[in-house]
Structures are given as C-alpha cells and as structure tokens.
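Welcome to my notebook. I jotted these entries down while looking through the structure, one topic at a time.

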Amino acid sequence: MHTRTLFLSDHLKNRCLPSTGNSFSIKNPVSLLVAIAYLFYVPLISVTKAETSPRERMLFNSDWYFHKGDPDQYSALLVYDRVFSRSKARSKSDKTDEPNKIVIELKPWILPNGNAFIKDADKHYSRPEGSPGHDCPFVKLDFDDSSWEKIELPHDWAIKGPFLQGEGNGIGGGMGRLPSPGIGWYRKKFFVPAADAGKMVYLDIDGAMSYATVWINGNLAGGWPYGYASWRVNLTPYIEIDRENQLAIRLDNPPESSRWYPGGGLYRNVWLSKTSPVHVSQWGTFIRSSEVTAESALIELELEIENNSRADTLIEASTDVFETDVQGDPSGKPVAVFDPVTITVNANRKTKTPFSARINRPRLWGPPPDQKPNLYCALTTLRQNNQVMDRYQTRFGIRTLDFNPDKGLFVNNQPVYLRGVNQHHDLGSLGAAFNLRAAERQLEVLREMGCNAIRMSHNPPAPELLDLTDRMGFLVVDEVFDVWERKKTDYDFHLIFADWSEQDLRAMIRRDRNHPSIILWSIGNEVGEQYTGPQGAEVARRLHHIARQEDTSRPTTTAMNYAKPDMPLPEVVDVISLNYQGEGIRNAPAYAGLKGINTPPLYEAFHEAFPQKLIVSSENAAALSSRGVYTFPVDEGISAPIRDNSGGDPSACQVSAYELYTADFGSSADKVFAAQDKYPFVAGGFVWSGWDYLGEPTPYYRARSSYFGIIDLAGFPKGRFYLYQSHWRPELPMVHILPHWNWPKRMGQITPVHVFTSGDEAELFLNDISLGRKKKEKYQYRLRWDDIVYQPGTLKVIAWKNGSEWAQASIQTTGSPASICTIADRDVVQADGCDLSYLSVEVLDQNGLTVPNADNLVYFTIEGPGEIVSTDNGDPTDFTSFGSPSRKAFNGRCLAIIRGFSGQNGTIIVKAMSDSLTGSKIEIQSKSIMDSQ
C-alpha cells in the first residue's frame, strides 16, 4: 500500500473535509464514497496538539493557469537534449520551424533529480551551474498570465479535441487522433508563510505527460522525462519565505511517442509537501509480513530517515500499528507496537533502520468473494528531545503469496485463479486526467463481470488506483515499461531508457511496494529485446536485479509474445508471462496464411522447460467488436480473424459483436477458455482488454478508439461481457441472448442466435415455439442455434444447470423510437468539484423497450450547481468532441457525465431531449460532506 502522510493543510481541510477538530466521522452513507476517496490518500488521525507534526501535505490542484506552446518571441528553443530536439517531430505537431533560435539543453539539470533512485553513488549526476530558461517570460513572477486558461488539476489538454481525421497530421489512429503532442505550460502562484522558515518544501507530481521541467521563482528546480512516473522536486533552495512564489512547469509531449493515447499535461494529482529537515524519506517505509498463521504474523518494517540539516541528529523512531475503519483511518488501540529505536542520522545523509513486531490474530488481506481485503495502518513518529519531528502513515495488508508452478497462485493458502483484464490509463471521454470515481466505476463494472485482477498495461498507474485495488480486493500486476532499448515508435521511451530506466523502475517499486494488491512486478511488455538473444536477456537481467534489490517479497516477470522456451529471456524472470502464445498465434484454420508470427499453443512447452516457474497468460484474446453491431454471415468456427465482410464492415469501420472475431494475432474468448482449461498449471490470465481505450483502433485506424474492450468506451457492456461472466461467475444464475431481434431486412433469412449462460444447457423459443434444447460439451462455452430463420417477435431462452431450471431471458422486436429514459448511477454527488454521476440514456419504443439500433441525436441541458463534463456513446468512429452537450445514440444508448461544482450545494437538473421523442429529466443532489451528515 502506498504510504501517505498524516496532516491536511487548512486549505485542503476547508476544500474537501469537514472542520470538526482533529478527527471526523461520516454519518450519512451517501457521503461516504468521496470521503473514502480523499481519506484514502490524505488520511487524518486524532492526535494531541503536543504531538502535532511539522509534516504538511496539501493537494495542489487548484488555481493553475495553462497555455499551449512556448512564448512567440522567446529567443531560445528549450529541449530535453540535442539528440531529442526533434525538429522533424516539432514541425509535424507545432507546424513551426525555428532554425534561428538558440537551442538550450535541459537534460544536465534534469538528470540530478533522479539521483535518489540510482543505487551506485558514483553514478549520481552533478548539477551544472546556472538556470536554463530563467529569462523565459513564462517563468517570471511578473508575467501576466491572466489571458491563459484557468484550470483545475488533474488536466488533460488534449481530450477536448478536436479530433484530427485523415493522415499526415502526425497524430494517427494509434494515438487516438487527439492533439496530445506539443508543448504546454502551467503556472501557479502560492504564498509561503513565515512559519515555514527552516522547513523543507517539495513539489510532488503523480504524473506529467511528459518531459517535465519545473521552475520556481525563475530557477530551474528539476524535472522528470517519463510521463507515467511519480516524482518529487525539492523547491527549498528557491522558496522565498513570507511572500508569493511562482511555479512554472513546462511539458514537451512528442508526437509518435506512444502506441495508444497518452494524454497531455499535469494529468494526475500534484501536492505541496512541507517537512522538518529531519523526516521520513519519500516513500521511506517498506512493510513486509512473514510467518503468517491464524494466530500471529511477523511484521517487518524498513524505515528510511533523511537528514537535510547541517548537523548530525539523534532521533527516536517509534511505530504503532492499527486496524483501519471503513474510511481507511486508523481505528481503536494499536494492535502491535514496534520497539522504539534511537538512531543517529548524519548531516545531509539518509539512514535505514529495520523494525519488527508481531500482530496477534491478523486480519488477512485477500481477494473477494472468498477472502476480505483487510488493511492495517502503521503510524511512524520521529522525535528529537521529545519533540515530534515527523509523523508518517503507511497502509499495508498482511497476506501470503505462493506461486505454485503446478497448481497456480495461492493467496493465504487458498487457490485464486486469475480472472484478469488489461487496462490502459485513460478514462474514456475524461481522457488521461485521473478521476477517482471514474476509476472506481471501471473496477465496479469489471467486478460485476467476475474480474478479480488487473494488469496495469503498460506503465505505472495513478497511485489512487492502487488505493482502490487495495480497498476493493483486486490482484495487480504493476508494469513499468512498454519498451527498453529497441523502439516501437520513433519518439517513445527507448530514447531515454539508458539514462532513466533504473530511476523509473526503483521509483515505481518504492512508491507501490506497500500495496497488498500488487502480486507481480512486470519489467516490460513485448519488448524488442526478445529478438536479440543473450544481449536482450542481459537488459532483462539488469532490470530484474534492480527489482529484487528493491523488493524480494514479490517475483518479477516480463510479458513475452515472441520469446520461446529455448531462448535466454524467459530464464531471467521469476514468472513466465505469455502474450497470446499460450493459446497459439495464427495457428487455427481460420488464420492460415496470415502474415506475422505463427505460434502453436505453448503452455505445455513452457511448463516443461521451466517446471519451477508459474505460468500466467499476461495477454490473451484480443477479440474485437462494436457494441450492438452484427454482420452476416456468421463464422462457423469458434475464432476467426477480422476480414472485410467476415466480421468486419470496412465502410462503417465497425466489427461484428457475435464475439467470434479477433485481431490477426488474437483468439476468441472461447478459444482462450479451452486452452487454459486444458492445463491446470496455468494460473489464469489477463484479457486484452477490459475496457475500450483511446487509440489503437485495430483493425480500422480511421477510428478514434479501440475495439478490444469487453466494455465499450462509455462503459456499456458488449456481448462478450456476458460470455466472460458466464465463465467467471459459474455460481451466478444468468443467461444472455445475442443478437438483438430488430431485423426487418432479414425476413426469411438465416440469423444465428447465440446464448451465453452459466448453466450447462438451454432451450430457445421463438414466439413460444421451441427451437431445440442444447447442452454444452467439454470445452464449449456458448450455445449456438445457427440455422434460425428470422421472423419478428420474441426470443426466449431458459437455461438449466444440473437438471434444474437456472435462469431465463428474452428479447423482443421493438417499435420505433418514442421516448428517452435516463438512469443515474448515483443520485447524490459530493460538492467538491471532483465527484461524478454517470447518466445512461436509452432510446425506448412505445412499450418501454430499448430500441437496439436507434441512433437519435440526444441533447443535454443542465440547471443548478453542476456541469456536463463530457458525453459519449461507445462508438469508436464518433468524432464529436467529448465536451459536446449533444450526442447521437449508438445502438440505442449514450452517456453524459455530470460533476457538481465545488462548494455549491443544491439540486442539479439534467434534461435529455431528442427531436420527435418524449424527453426525460433527472435530479441529482450535490452536497458537501458536512451537509450530508
């Protein structure tokens, strides 16, 4: 679990939390969600005034000003380095060539910012004299930024669009056709009171896309190139006490830098942290558990203390461990106490100290439904001469992991099959800008499907997402890189891998290692070094050793789509992770003759070559579909590649949702299930992908977003959702029919019907006439009636399990669109400027049935203390701006996302209207936490 500090500033208390002294409670369950959200990463605890810590951590997201592009008249061209000046790339994205400007290289001033994550001190970088960019108008205190856009963080500068259609603009379908490349500046003024004299002041950035450089009062303080990293800049040498200070942050986001939509900007939370000179280091605690039984568990704490003063300091360090309540706060009396230790921390040095203690009758962390994700909190206090110098909180969980090569994964000695998905970092129409409620909604929908594991593809996630996986009980593969030295796109991470791979990997692990949800460190995804034999394996070995130096409690892995059992790369890592190779790549009859890697199913071969290593399917399926779109004829097999008029509609750029069709290298869910069920030593795996995401719109790169998701970009389940649910939740009585039954042009034509059910047999009826009863055979996961002749009416299915009726479902031919129905996922939101309500809109006929092929244009209006953040419909070809208040229904459905204004209580009224249809109105209450009690 990520470590978080204890005390809120008055600013943050007033903005997000009730003012009730040193502690508070939530009485109204409606207000609980957002309270948990904030508390989970900015916790409070009751302490006496005498114990108050100098540490203060403020959420620093308000009152920023944003501008796209460098100053027009500035005489210099700021670049990370001369190799990376990217004049060609700049001309593509900015449409400017600046040959007469002086090139200023920022790299020598940025590299020292990562020294804390370079183990060998002899390899640390020294900061040169001077401050590049100090004369840039945008970094100066007296620059007038009033004409800039005033924004709140997290912020994605590209998500509003416009979408860039066509070719030759440097931003193709792969990166989502949104204007993420370019240069952006952020400015913020803040006051540092006289009481902060002598304190350390840090800027903590959870994510900035990308090549960030930070100036404070005109001084270049530091930066970080990798857009997915969380990092810190020490502002202390440049802070001016008892006066206003000016922050300026420049980002330089390259085109052709990613295989998916990266977003642009300060897209995660930003914090201002203040500490005494002697304090717990950044991410300076690491808690591990061992000797875990029902009676007790040994808890080992490694504590790193940092002394930025000029004198050696004698410090007493003590730690108490608490259970946590539903808000994530320490609760009750300590359940364990580490013996205090007195340590001398030398001036301008860091010191690590080990502690250990036992917890009796530990409450274990484990994945639901069979286990509970229980959490603990360790409160560490540093004292000098009985005066509190620092207080630091670490949340963690107690659990055991056993990676059994023959039987799979065991958590707390219980077998857990990985029913996982891969997730990119964007949040659909919200873009890359992190929002806690949006991320939680994604996990909630996945959990309903039966998902219990997430692979963070292919980069470190927002830290709050890991807070959610801890609290909700998901297992996580935390992944650091998509590329190493060999590129996938012209301007991706390979350009800085040599300089930054150690810092980025160590930073990720130190940040994340206390999260009990994380079970594996992935050091790479489908890297080009698979092809370079021993040379590539050596790169893997270096990364593996770094990971093991940082954490010996979890194994390492790397996802391989090419490396075979006799190659050197698989030997390096602890766990074998296979992308598509387990079920085979292009090896089924329907894929014969396709160009590319052709691989037979390799689970057995890898198991024989590495009998001591667990095998995981890190990516599987890569099936494709557009929600509610069906094309004919339907393939007779269980898996087939997309081809024009065979699962694919090239004119509409849509893919049939019979859920049989895949990318050329992929397989259907049916084929994957069969391959894994044949080999019980496979620990499960991760589907590509859980949700649709921006960019990578295989096979139609004219589109904006992917077709891979089990759930579309707006959050509406595709038919595949029910196929996975039927397999992953066998205890849930369910049955689902596809396609829809509105086919006026198919009268008298064959229209296959497929049924997904957790039962073992089913009978299909059309207008009350039985069309036969079918039973699943071994390695069969759907029931098919492929000879049904279409006639309008009602399709009904009754499913059985073990001879007893299990579930029923029916669909009907509908009338024409007549009205609109709006459903809110939550009718109360917090008035904090962050919380969201998702409004699902359906187009209905006169009988209240959803019209499955309706495409009516829906207009949204809003009254009261809130705003329409974005709209969407899940159509990968819809280029309407996400900020538009109107949206066409896509196959009967569309979505609006509503946010309450910060500090404004009241009723938000949203109307959805469409020409010639009866509209709908819905009310959402926006309440502060105080008013919700």
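**Entry 1: a crossover.** I started with β26, helix α7 (residues 497-512) and β27, which make a right-handed β-α-β unit. For the record, right-handed means that, with the strands pointing away from the viewer, the path from the first strand over the helix to the second runs clockwise. Helices (H or I, at least four residues) and strands (E, at least two) are DSSP runs, numbered from the N terminus.

**Entry 2: ground rules.** I noted that this is a predicted model, where local features need pLDDT of at least 70 and side-chain atom pairs count only at pLDDT 80 or more, while totals for chains, interfaces and linings use all residues. Residues are numbered from 1 along each chain as its sequence is written, and side-chain values use heavy atoms, with hydrogens and water left out.

**Entry 3: around β27.** Next I looked up the partners of β27. Strand β26 (residues 475-479) pairs with β27 in the parallel sense over 4 bridges; two strands count as paired if DSSP finds at least two bridges between them. Within this pairing, I found Asp-478 bridged to Trp-521 in β27. Strand β28 (residues 556-560) also pairs with β27 in the parallel sense, over 3 bridges, and here Asn-525 stands opposite Ala-559 in β28. A right-handed β-α-β unit is made by β27, helix α8 (residues 533-550) and β28.

Is β27 mostly covered or mostly open? I found that 8 of the 8 residues of β27 (residues 518-525) are buried. Buried means under 20% relative accessible area, exposed over 50%, and partly exposed in between (1.4 Å probe, protein chains only).

**Entry 4: a salt-bridge count.** How many salt bridges does the structure hold? I noted 48, each one a side-chain nitrogen of Lys or Arg within 4 Å of a carboxyl oxygen of Asp or Glu.

I then followed one of them: the side chains of Arg-259 and Asp-482 meet at 2.8 Å, N to O. Arg-259 lies in the loop between β12 (243-253) and β13 (270-275), and Asp-482 in the loop between β26 and α7, so this pair ties together parts that are 223 residues apart in sequence. Arg-259 is partly exposed at 23% relative accessibility, whereas Asp-482 is buried, at 10%. Asp-482 also forms a salt bridge with Lys-488, with 3.1 Å between the closest N and O atoms. Lys-488 counts as partly exposed at 26% relative accessibility.

Entry 5: Arg-554 and Asp-551 form a salt bridge, their closest N and O atoms being 2.8 Å apart. Arg-554 is buried at 3% relative accessibility, and Asp-551 is buried at 1%. I also found Arg-437, Glu-440, Glu-444, Arg-471 and Asp-825 joined into one network by salt bridges that share partners.

**Entry 6: an antiparallel sheet.** In what order do the strands of this open sheet run? I wrote down β40-β39-β42-β43, 4 strands with antiparallel pairing. β40 (769-775) and β43 (804-812) stand at the edges with a single partner strand each, so one side of each has no neighbour in the sheet. On average, neighbouring strands here are turned by 15° against each other, direction ignored; the axes are lines fitted to C-alpha atoms, for helices over the stretch in contact, and angles run from 0 to 180 degrees between N-to-C directions. Strand β39 (residues 761-766) pairs with β40 over 5 bridges in the antiparallel sense, and Ala-762 stands opposite Lys-774 in β40.

Entry 7: Helix α12 (residues 719-728) has 8 of its 10 residues buried, so the rest of the structure largely encloses α12. Among the buried residues I listed Phe-721, Leu-723, Tyr-724 and Trp-728.

**Entry 8: a surface patch.** Leu-857, Tyr-859 and Met-913 form a nonpolar patch on the surface, together with about 230 Å² of accessible area. Patches are made of residues with over 30% relative accessible area and no salt bridge, with like charges joined within 9 Å and nonpolar side chains (Val, Leu, Ile, Met, Phe, Trp, Tyr) within 5 Å. Accessible areas come from the Shrake-Rupley method with a 1.4 Å probe, and for residues only the protein chains shown count as cover. Tyr-859, found in strand β47 (residues 857-863), is partly exposed at 32% relative accessibility.
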